[in-house]
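Subject: Structure handover, with notes on the interfaces and sheets

Dear colleague,

I am passing on the structure we discussed, and my notes on it follow below. Please read them with the model open beside you.

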Amino acid sequence: MATTTNIEQEQSIQRFEVNYRGIFQKTLAYRITKDLVYIAHSQGRTAFSNGRYSDDPQRNGVPCANFAFFSDEHSEEELEAIASAKMDIDRANIVSVLDDTMVKGLEPWGHYGIRPINEKVIPNGILLVISRRTPEDLVRFLDKKPFSYRLAIVPGDASFAGLWYYRNDGTDVKMLGAIAKVAPSIINYDKAKDYVRKTYKTDQKIEAFESGYNSVVVTEVAPSQGTEWPYPKPTLPAWNEFEEGIVVKAVPNQFKIGPRGLARNPDYKRGTSKTQRPIVRFDLCTKCTLCWYECPDECFDPTPDGLYDVNYEYCTGCGRCAEVCPVNECIVMVDELNFSDNKSPWESFRKDPKSYTKDIEEKKGKRRMMPSFVTGKGESTSEVHSSVAFKETTKS
Amino acid sequence: MTTELDENKETHQEEFPNAKLYNNVHKIDLQEFYTSGHRTCQGCESALVMRDFIKASGPRTVVTGATGCMYVANTSYMTTPWVVPWMHTQLGGGGSSAIGMAAGLRALMRKGKIPKEKINVINFSGDLGGGDMGIGGISNALQTDYDLLVIMYDNESAANTDIQATNLTPYGAQTTFSPTGTKERIMHKRWKKNVAAMLAIGHPNCNYVATACATFPPMDYMNKVKKALSIGGPTFIHTLDPCPKGWDFHPRYSGDLGHLAVETGIFPLYEIVRGEVRYTYDASKKKRIPVREYLEKQGRFSHFVDEDYELVQLKVDEMWEDWEIPGVAPIKGFLKVK
Amino acid sequence: MATQTVMKKDGTWESEELLTGTDAVAQAVRLADVDVFSAYPIRPYTGVMDRLAKFIADGKFEAEYIIADGEHSQFEIAKHASSVGARAFAGSSGTGWLFATEALAATATDRLPVLALVGNRALDDPGAFGVEHNDAMLVRDLGWLIVWVSTAQEALDTTLIGYRVAEDPKVRMPCAVAMDGGYLTHSQHMVKIPTKEAVNKFLPPYDLGSRRLHPDNPISIAPQINEDWGMEIRRQNWEAAKRAVGVIRAAYKDFESIFNVSYSNPFFEEFMTEDADTIIVGMGTVTAAAKTAVKQMRKKGEKVGYVKMRWFRPFPSDDLRKVLSKASSVGVIDRDFAHGGPDDAGILFNDIRAAMYKSETRPPMIDFIAGLAGREISIEDVISMYRKTQKAKDEEMDLVTWVRVREKSSSKGKDEK
């Protein structure tokens, strides 16, 4: 973790972080930090970038981070030493986010805890998010800070630009535009625009840059706003406080039918990998077992009535259950930000099947999104006219 | 898919009296011994390969994992998703680690230092570790008389190291070692190494070799694990694991890609029981789907043009129509001459 | 050499036989009731595996015997056998030992007490069968215990002591027993073989405790770490290496009381050093020539002494300082090379010189590169080394001398400077 540096140094350097979801946003994230450095360089500033090494290999969905550092006073060597001779940084002037579901927290590694996305934002710093949400919608998930900072929202969707097939949808330069607007001290609008013109040579790119510049909306977040962060930060034991021989106790051999009936890895939950979560219409379920059978994260808990509860704490939101489910509308992937807790859906259903169904249908809305096979080729959306009628389940 | 669930008539239970094979998904054991909380990608097929082999084997098992995705992703110190005893082994150490554990346990039991019981010994290695670097050690393991199983989970690249080509990467696939470029469209011109058949043909001690796909046909892979563990002696299973990360497709579709690999015939499914080949999906008899439908759903082939698809189709057809043992052994012997 | 009482019929000794160094280790492996050993052929260590295989064939020894497909596999097998609680043995020589390096490193960081025989052999290229210490020394910084033996009896005794130390819960480190290839591995000497009962008194059963890989003790061993853990884990291993010093002393004490065999200082043997003003330090079979040279020179009234290094890791810095600081000049015989290392001197020399830095009085030290690739080191060679070392008291000598190397007399072997 970063060593604290003196005030003069603080004022003379700027730190930028981009948070993204692993492999399918890797190229996008790298482009943003790379472009920032080139632009700052064209302004005669000192700048360089690096990535959080321990994120490699960057699994899809798993939160990763890239950094860029800027200064007018320090040599590149000094900047490297002060800002980033380390695996991770502990504060940033701008924390940017390429997928707004990350505002619910990050857990990039085991024994790391779920950490707030705004953890590194400094006083009066900026949290820059691509999102279609309102500020209130996002702030309710954020950690309460003891100081005020700014939330900047660029209207847009998370771009999963892909790997071998890269979707060049302008999200990269859109972010540059937004940064030029909210942090002119980092990159200057004209220089940035010049750079985009020279580098990408297309009107769409310049339009995207402009749209980012013009559409970004900044709101002040006061110390009172946000939530009391519920997740503790694990402490790291001293060398003589844990067993020699690189030994870790296995997960206990425990299982019983019902929600949370299976013992799971307590120190590394994967829930923060989700962009969408599977929503189950238990009333439509035919108990074919396929969602449970094909879940690569062992998230479905068999229930006494032959249904399969979902443990959202561990679900990574891959969508395999929705894909394999043979019943129309029985399992649908829904935006993770529509949900504020990880409670057992089966228990809510059992308590009151009708209101559970009504509630999730509201959260599902009418819009259905179907990703194309090749990630970078985007997704097709469709509208359902009316939700499938509630089906009285025969008690099993 | 759902229709195939309750059938699966072809388990051949009678040949494996010591194995309790599944013939109905509703009878699959519900407990997990590889459980939630691992750093695998969304939709990771290899994670299912882990989950299912240990479910089929049960808690009286010791496991080693060779360096690779299923090592690095699964166990982030000081946490673990494993319920059973598990240990890391070196990239090329898969076969040897299995020998070591099997020998150690047998010696201790024979000398009465620990109670006699059947403890399953399993190693998993990736295509880089198992198919390339570690193949000598696996070959040696298959020459012993120990009861052990080596599973090679094959995601057709070094997906843990930035997706580099291995000898099991299919022709033409983009990897960081075989990028497409302005001069070369196709950099990777090697055809996939035929590991399972090679090992079956070369090791007279080995009673069971199989290829598998984690979810298709349902229960097929888990039953193959049960057969391998019950037949006695060293055994080997090669699984094809569609990899959303390295193959560049949406994690939702890992299962579908697996089905397509089997149904297009590009990945033959079979088991070789005491030298007898049995197809668990016979792509020579059933109508094969054009391989293009499999390839064009993956970003790693996004640079393919018609002639590339045709070339791969040609090879797949050859595999099923010209090989002496279709889909298994490319040798063309007297049978074909006649 | 260890002083020994004559064989007593008190159940301590089973028999006395003519054995090579590798045979002697095989006897110790049998007596230690090793559970698993993995073999791969390479001269000159391989005799131990030949002998063990015959033991199995004749029913004299019960163990799982595996022929590996290479040294890497050989040591992976031993490592994982050890992890499930089985006492494991392996070994190699020269280039074969290097082929196993990855497994050797992991065995040490996994803290698994595998014992290995290293029949020292020159590294390729060119192919050579003769002794050189660079092979075993390759693992000197990786967390292996390394001990050099110079007689067949010492080989047998030290193999038993090696298991005792390596498996001690305070240590749990792999142990390499090294012996000069072609010399000790092959020459035959009368060796006293202890009884099983006596050995059992000395060597408790191998118990990995809470680290044993077994369904009754479900654990995960060696998960991937990030930058949050590496320093602490290495620090633990550092501590174990330091704890090994006390455990070694205790083991030799017990060995003496059970077998009535004394090795005085476990870490090195002193020969006529008490009043010596010139001391030479060596390791391995050169000891015979060195001691004989000392005796001959003592007859002429020359105050010379010899130190035979035994434990190279952990390195006995404090004890060596005490002995060598009393001398007015010190010579070191390196049966190894370290091209481009500090002052272009050998590995043993630079380790000793580093240890001496702390000493109040630092006598002049010179280094002798000798006996590489199996070349003999004669009594005369050693005497000439003593002469040079004596001179080093009051005149500047070459820091490094290549002994008995063919050379055109004109160039005196001096570097052009």
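Which side chain does Glu45(B) meet in a salt bridge? The partner is Arg320(A), with 2.7 Å from N to O, where a salt bridge is taken as a side-chain nitrogen of Lys or Arg within 4 Å of a carboxyl oxygen of Asp or Glu.

Before going further, please note that this is a predicted model, in which local features need pLDDT of at least 70 and side-chain atom pairs count only at pLDDT 80 or more, while totals for chains, interfaces and linings use all residues. Residues are numbered from 1 along each chain as its sequence is written, chains are lettered from A and ligands numbered from 1 in the order in which they are written, and side-chain values use heavy atoms, with hydrogens and water left out.

Chains A and B

In the interface of these two chains, 68 residues of chain A are in contact with 72 residues of chain B, contact meaning heavy atoms within 4.5 Å. About 5,900 Å² is buried between chain A and chain B, 58% of it on carbon and sulfur atoms; buried area here is the accessible area (1.4 Å probe) that two parts lose on being put together, summed over both. On the side of chain A, the residues that lose the most area to chain B are Trp164(A), Tyr293(A) and Phe373(A), which together account for 16% of what that side buries.

Between chain A and chain B there are 3 salt bridges, and 37 residue pairs are in polar contact, both residues being at pLDDT 80 or more. A polar contact is a pair of N or O atoms within 3.5 Å; within protein, one must be able to donate a hydrogen and the other to accept it, and residues adjacent in sequence count only if both atoms are side-chain atoms. Several elements of chain A, namely α2 (23–42), β8 (247–249), α8 (290–294), α9 (320–324) and β13 (367–371), each supply at least two residues of the side that touches chain B, and α8(A) gives the most, with 4 residues. Helices (H or I, at least four residues) and strands (E, at least two) are DSSP runs, numbered from the N terminus.

Over all chains, the structure holds 91 salt bridges. Asp162(B) forms one with Lys26(A), the closest N and O atoms being 3.7 Å apart; this pair crosses between chains, from the loop between β4 (148–154) and α6 (195–202) of chain B to helix α2 of chain A.

Chains C and A

Here the contact takes 24 residues from chain C and 17 residues from chain A, and the area buried is about 2,000 Å², of which carbon and sulfur atoms give 63%. In chain C, Glu227(C), Trp229(C) and Gln236(C) lose the most area to chain A, together 29% of what that side buries. The count of salt bridges between chain C and chain A is 2. Arg111(C) forms a salt bridge with Glu244(A), with the closest N and O atoms 2.8 Å apart.

A sheet across three chains

Strand β8(A) is joined to β10(C) by 3 bridges, and the two run antiparallel; within this pairing, Lys249(A) has Ile219(C) as its bridge partner. Two strands are said to pair if DSSP finds at least two bridges between them. An open sheet of 10 strands runs in the order β8(A)-β10(C)-β2(B)-β1(B)-β3(B)-β4(B)-β6(B)-β5(B)-β7(B)-β8(B), with mixed pairing. Because β8 of chain A and β8 (276–281) of chain B stand at the edges, each with a single partner strand, one side of each is left without a neighbour in the sheet. Neighbouring strands of this sheet are turned by 20° against each other on average, direction ignored. At the chain B end, 5 bridges join strand β7 (residues 269–273) to β8(B) in an antiparallel pairing, in which the bridge partner of Glu271(B) is Arg278(B).

A sheet within chain C

Chain C has an open sheet of 6 strands, in the order β12-β14-β13-β16-β17-β18, again with mixed pairing. Its edges are β12 (268–271) and β18 (400–402), each with a single partner strand, so one side of each lacks a neighbour in the sheet. Antiparallel strands β12(C) and β14 (residues 304–309) are joined by 4 bridges, and Phe271(C) has Tyr306(C) in β14(C) as its bridge partner.

With best regards

How values were computed:
Axes are lines fitted to C-alpha atoms, for helices over the stretch in contact, and angles run from 0 to 180 degrees between N-to-C directions.
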